Amino acid sequence: MSTYFDALETRSRDAREAAQLEALNAQMERHGQAPLDDLSGLAALPVLRKAELSERQAAQPPFGGLPVQNLAHVFQSPGPIYEPGGTGHDWWRMGRFLNACGIGQGDIVQNCFGYHLTPAGMIFENGARAVGAAVLPAGTGQTELQARAAHDVSVTAYAGTPDYLKVILEKADEMGLTLAITRAAVGGGALFPSLRQYYADRGIACLQCYATADLGNIAYEAPPPGFPEALPEGMILDEHVIVEIVTPGTGDPVAPGEVGEIVVTTLNPDYPLIRFATGDLSALLPGESPCGRTNARIKGWMGRADQTTKIKGMFVRPEQVAQLVSRHDEVARARVVATRQGEADVMTVRLETAAEDPARYEGTVREVLKLKGEIELVPIGGLPRDGLVIEDARRYD
């Protein structure tokens, strides 16, 4: 379906580890730390978690004293946490994934990731530039205009959350418009098998990546022989990150194949993050991908090591749920529940209160969680006392 992005994707394990160690020690030097003898030495270093990064940034704004260079953009994610952005070639390493999707010169990518404050839109635009594709910077919402633009400019590829493409396709059907989209590069949420099949039935080959605002692209699907009938096996690690799977809360590597938390060290000299904990769970797969790329693979996203949950492509964190409670004296507890309706995420905010009008909380929910959701009021004592403030009731099988 596509050629390799570069020769790094098929190099030997020894060559990869030697190059990564050299780049890692350059990062260590930027942090003022001693070099390592081999990559296993990472396990002795402390893990950096989002909460700690947020605290550092509050003390030393905006980037917590990290040696950032070649700054072109500053982004804000919920927390708040600030991330730098650059405009250098494939700065977030998204071009490798788009190339695997078969996107390149001559394509027009409808980029439906957000461009406002958070970096997802720019991450994918930078990747499209790296493979020579043009971009329709669509952002989110205004589905009728999205469908019209996709038709009028003959968009050939989609980038965005997994379920929003279906919304655009159905709106185009309703408007009697024929779209030319044949490839989809998705992220920011789970790509359910039924949804991937829906796209395949419409002639759209859909692949997903695993990326974060802090780290950029971490891993990605690549098409095996026979794709899309033959599905990818796991996600291939990017060439410019070092990924460890550790026991949540400890930073100690798990045995090969065991489920643990994903900890990532980036080799981007402009923004060195060493042993950054994502809070996501996964496991390493044995062997190599049938697509011919030789780097290690992870199974994909397998849940959260904490209660932080991604809904509609946005993270919802326990501290945000606490803000819902603190904003209203009459609210005793809150619980966010993530479910699925068809192929779309649904967020329900359950508030324990004596109040009777859910509408009074709509503004607070939008402001604090950055998402719209259904609001359900329950009487005092009506929420379980099980310690959960975020419940992910979606099913991924």
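Which element gives the most to the lining of the second largest pocket? I found that β10 does, with 5 residues.

Before going on, I note that this is a predicted model, in which local features need pLDDT of at least 70, side-chain atom pairs count only at pLDDT 80 or more, and totals for chains, interfaces and linings use all residues. Residues are numbered from 1 along each chain as its sequence is written, and side-chain values use heavy atoms, with hydrogens and water left out.

Entry on pockets. I took a pocket as an open set of points on a 1 Å grid over the protein atoms alone, with protein on both sides within 12 Å along at least five of seven lines, and a cavity as a set where a 1.4 Å probe fits but cannot get out; lining residues have an atom within 4 Å of a point. Grid points are joined across faces, edges and corners, and a volume is the space filled by probe spheres set on the points.

The second largest pocket has about 940 Å³, and of its 31 lining residues R13, E17, V243, L284 and A296 are the closest to its centre. I then turned to the largest pocket, which holds about 1,200 Å³ and is lined by 43 residues, with G114, T118, K312, G313 and M314 nearest its centre. Its lining draws at least three residues from each of domain 1 (13-304) and domain 2 (309-392), the bounds coming from an automatic or database domain assignment.

Entry on cavities. I counted 3 cavities of 30 Å³ or more. The largest has about 80 Å³, and its lining includes W91, W92 and Y271. The second largest cavity has about 50 Å³ and lies between the two domains, because both give residues to its lining; K312 and G313 are among those residues.

Entry on rings. I found 5 aromatic pairs, where rings of Phe, Tyr and Trp (its six-membered ring) pair if their centres lie within 6.5 Å, and planes under 30 degrees apart count as stacked, over 60 as edge-to-face and the rest as tilted. The rings of F113 and F124 have centres 4.3 Å apart and planes at 20 degrees, so this pair is stacked. Both F113 and F124 are buried, that is, under 20% relative accessible area with a 1.4 Å probe and protein chains only. Ring pairs also link F75, W91 and W92 into a cluster.

Note on methods
Buried < 20%, exposed > 50% of the residue type's maximum accessible area, 1.4 Å probe, protein only. Helix = DSSP H or I, 4+ residues; strand = E, 2+ residues; numbered from the N terminus.
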